[in-house]
Amino acid sequence: MENPSNNFKPSAGLNKHSGHDPFLAGPEEAYRTIHPCIPDYPMDSVPNQRNGSMDSDEKLFHALTASKELLCITDLELLLDKILQIGREVLRFDNILIRMVSEDGRHLIAVASFGYPQEAINGETHIGQGIMGQAFERAVPIMLGDVTRSTDYLSGIPDACSELAVPLIVAGRAIGVLNVESTQPNAFDAADVKGMETVAEHASIAINNARLLENLRNLTGRFERLHDFSRHVIDSANLGIFTIDPQFRITSWNAMMARLFGPSEQQANGRFLFELLSGLEENDLGPKLDRVISHKTVERHHFTRLVKNAQHQHFELQLTALKTKEEKGLVIFLEDVTQRLLTEEKLRENEKRLNHLAFHDSLTNLPNRLLFHSRLQQAMLLAQKNENRVGLLFLDLDRFKNVNDSLGHQIGDALLRKVAVRLQECTRKSDTIARLGGDEFVIIVQEPKDLRDLAMVAEKILSRLPRAIQVENETLYPAASIGIAIYPDDGNDVQELMKNADVALYRAKEQGRNTYQFYKRGMNARTYELLLLEGSLRQALEQQQFVLHYQPQIDLHSNRVAGFEALLRWLDPHKGMITPSDFIPLAEETGLIVPIGEWALRTACLQGQAWQNMGFGPLRIAVNISPLQFRETNFVQTVETILQETQLPPHCLELEITENLLMESAEGSVGMLQQLKRLGLTLAIDDFGTGFSSLSYLQKFPIEKLKIDRSFLRNIGSAGADFRLAAGIIALAQSMDLEVNAEGIENNDQLAFLLQRKCHQGQGFLFSRPLAAEDGTEFLSRRGKTVPTSP
């Protein structure tokens with residue numbers, strides 16, 4: 001028997017046919033429809049060719065008796081087995097097949113059988129297809145007397161000759177089909193049909209009942225699982241959940257309530273609410289309970305109870321009316337909010353602390369720049385309203401950097417904290433003292449009567465601040481310089497007032513420190529002069545007022561010209577020649593050094609190529625590179641483009657980069673230098689010995705030359721430290737197979753010293769001052785041959 005399925009769904013939209021509707025009528029009556037019998041063709045006249053047949057009435061009696069037993073079976077699988085058993089043992093069929101309608105109502109699916117081959121029951125039968133499909137669709141039994149004469153037969157048992165299909169009907173709708181086949185033609189008689197109908201009638205009822213019962217069991221199981229799940233969820237909740245009746249007596253009580261208040265649900269049920277919840281007052285909660293029951297509102301309530309160690313436990317209740325017709329009362333959710341309240345309190349404290357940190361200096365606990373700006377703005381608005389003044393003192397500790405450098409930042413920070421305390425002792429509570437950063441402090445003095453009031457504050461600070469301050473094992477005597485500006489006399493907004501107080505501060509430092517200065521308009525003259533210089537610098541770039549001078553670099557052993565160093569000059573049409581020390585720092589600060597440096601590099605390359613075209617050989621042109629240029633992301637591309645435009649061979653260009661610039665970001669410098677080196681040019685470290693090189697990085701840098709700073713040659717001959725440093729640099733370069741160029745050679749003693757130590761190149765006034773391009777051409781003509789420069 002096939003493993004039966006119990007997943008059934010009645011077919012929708014079926015119409016029951018009445019009367020008989022023969023598909024084929026003729027003398028042989030090979031194809032007939034029987035419902036329940038056809039008078040024209042008496043069933044007892046149909047021969048029964050199966051062996052061992054019993055009397056028709058006896059067969060029907062046994063079929064009826066056996067099929068009634070089906071009504072007592074509630075298990076669907078057992079029921080299907082019983083139907084097969086009746087077909088086999090009572091109706092004496094050699095085979096029987098039970099098909100039920102599919103869920104989509106379009107097919108008949110085999111659920112149980114015996115005597116049928118596997119291939120006959122595996123497939124699906126479409127509604128209306130074959131004898132089974134037509135019996136289901138018409139809801140009437142159909143018998144096919146000779147399958148060989150019909151196109152409606154679907155393959156079943158081997159060598160089948162006749163087939164009988166009887167529908168299973170519930171409430172006028174077919175739900176399945178019982179089907180039998182025989183290898184003999186016209187094998188089924190009226191008793192067979194009646195027996196099958198009897199079995200089908202009781203089987204339909206029994207199957208329907210089994211299905212209903214199974215659905216009921218499923219629903220009951222689902223309900224029980226849902227109830228268990230709901231109870232599990234309620235007991236697993238971090239909330240106390242309980243219900244009360246209108247008399248405020250407990251009707252349910254979850255596990256959290258038992259943990260919090262002691263009694264189990266069984267012990268709590270029926271007890272008065274206020275007996276169990278200590279700390280809950282009926283006078284406070286009662287009116288809320290009444291409102292919820294009467295008006296179906298939602299109320300909240302807080303209460304506190306005392307627990308161990310005199311600690312308080314805080315609870316929050318949410319009161320909600322039960323929304324069922326059968327029960328009246330409330331469902332109450334109880335939350336222990338003790339930890340939440342503590343957390344909220346900590347968050348408020350943290351917020352307060354963060355707010356304080358946002359507006360106060362973490363080192364001194366004084367107001368920081370943000371709070372200072374706000375208070376100064378408020379003070380200025382109040383002064384404007386009351387026609388008063390505001391004094392601003394800008395204070396900077398004298399030589400504080402020496403403390404950090406010699407004693408360490410820990411001592412420096414401790415000193416700043418003690419200075420902050422001393423400043424507070426010198427001012428009024430209404431004044432604001434703020435630390436802007438480093439060793440800079442500002443003081444807002446509100447409503448000074450006159451300048452003397454501000455001078456007295458400054459003098460008080462300058463007299464008390466230098467008193468001895470003990471910091472760990474050090475005794476320090478701090479001093480300060482103070483600049484003073486007054487609103488509205490020296491500025492109408494925060495920025496202007498701050499700027500002018502800062503100007504006055506630096507004037508105080510110029511006066512010898514440990515003093516104070518009031519702001520005067522003349523103090524801005526130097527600032528104004530710098531602004532004019534910046535404007536002129538921009539104009540000089542646009543009007544091509546910059547020129548290059550070239551200082552010869554001499555091969556010390558052959559006395560031939562090895563190359564030139566290009567040096568930038570500014571030829572102002574009104575001021576004349578301006579030295580680099582007067583404008584290079586400003587160009588660096590404003591960023592103009594980048595376009596100026598690019599112009600200088602292109603011009604030097606053009607001049608180098610021009611000298612080569614004149615027949616002076618492949619001279620090397622050295623160009624200084626500024627830090628801002630070197631940090632430009634497209635610097636390598638700029639150099640490559642200029643070489644291509646000017647057609648100067650790359651080995652004739654030497655880029656000079658300062659030692660300190662390379663060490664600012666040693667790893668990044670290595671990568672940049674390698675890219676430049678791949679262009680084929682020469683790299684030199686300028687002013688070597690004045691910075692702080694790491695020998696390990698020096699080996700990584702793809703450089704070919706070290707340039708000794710002129711300061712190391714100044715005292716050669718006196719056997720001092722400079723003498724030893726210069727000798728050491730030359731020896732270091734030689735050990736690393738690097739060229740050495742000495743700058744600032746001004747006398748023969750210096751030259752002799754360098755020749756003795758086999759220094760390769762040199763430059764200085766002993767050979768030539770920096771020359772204009774045309775003078776450089778004349779110099780080359782006088783000197784004759786140059787030193788060949790190979791790639």
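Q: Which residue of β19 stands opposite Gly-483?
A: This is a predicted model. Strand β18 spans residues 480-487 and pairs with β19 in the parallel sense, over three bridges. In β19, the residue opposite Gly-483 is Gln-517.

Q: In which order do the strands β13, β14, β15, β18 and β19 form an open sheet?
A: Five strands form this open sheet, and their pairing is mixed. Two of them, β14 (432-437) and β19 (516-518), are edge strands, each pairing on one side only. From one strand to the next, the twist averages 20°. The order is β14-β15-β13-β18-β19.

Q: At about what angle does α11 run to β15?
A: α11 lies across several strands: β13 (390-397), β14, β15 (440-446) and β18. Relative to β15, α11 runs at about 25°.

Q: What angle does the direction of helix α14 make with that of β18?
A: Helix α14 covers residues 451-464 and packs on the sheet. It touches β13, β15, β18 and β19. The angle between the directions of α14 and β18 is about 160°.

Q: Is Asn-368 buried or exposed?
A: Asn-368 is found in the loop between α10 and α11 (369-386). Leaving out residues up to four places away in sequence, Asn-368 touches Leu-357, Ala-358, Phe-359, His-360, Asp-361, Ala-434 and Arg-435. Its relative accessible area is 13%. The cut-off for burial is under 20%, so Asn-368 counts as buried.

Q: Which residue of β9 is the bridge partner of Phe-242?
A: Strand β8, residues 240-244, runs antiparallel to β9. Three bridges join the two. In β9, the partner of Phe-242 is Trp-253.

Q: Which residue of β12 stands opposite Ile-244?
A: β8 and β12 pair in the antiparallel sense over five bridges. β11 and β12 also run antiparallel, joined by seven bridges. On that side, Ala-321 stands opposite Leu-330. Ile-244 likewise stands opposite Leu-330.

Q: Which element gives the most to the lining of the largest pocket?
A: The largest pocket holds about 840 Å³ of space. Among its 34 lining residues, the closest to the centre are Glu-565, Leu-567, Pro-580, Asn-624 and Asp-686. Elements giving two or more residues include β20 (546-555), α17 (580-590), α18 (593-613) and β25 (682-688). The element that gives the most, with five residues, is β21.

Q: How many residues of strand β3 are buried?
A: Strand β3 takes in residues 107-114 and is mostly covered. Six bridges join it to strand β2 (residues 96-101), running antiparallel. Within that pairing, Ile-96 stands opposite Phe-114. Of the eight residues in β3, the number buried is seven.

Q: Which residue takes a positive phi in the hairpin of β2 and β3?
A: The hairpin has five residues between its strands. The phi in question is near 75°. The residue is Gly-105.

Q: How many disulfides does the count come to?
A: A pair would need its cysteine sulfur atoms within 2.5 Å. Cys-161 is buried, at 17% relative accessibility. Cys-426 is buried too, at 6%. The count of disulfides is zero.

Q: What percentage of the residues in the protein is buried?
A: The protein has 26 helices and 28 strands. Of its contacts with a separation of 6 or more, 62% join residues 24 or more positions apart. Among its 791 residues, the buried share is 48%.

Notes
Residues numbered from 1 in each chain as written. Predicted model: local features only at pLDDT ≥ 70, side-chain atom pairs only at ≥ 80, totals over all residues. Heavy atoms only, no water. Buried < 20%, exposed > 50% of the residue type's maximum accessible area, 1.4 Å probe, protein only. Pairing = 2+ DSSP bridges. Helix = DSSP H or I, 4+ residues; strand = E, 2+ residues; numbered from the N terminus. 1 Å grid on protein atoms, 1.4 Å probe; cavity = no way out; pocket = protein on both sides within 12 Å on 5 of 7 lines; lining within 4 Å. Points joined across faces, edges and corners; volume = space filled by probe spheres on them. Contact = heavy atoms within 4.5 Å. Axes fitted to C-alpha atoms, helices over the stretch in contact; angles between N-to-C directions.
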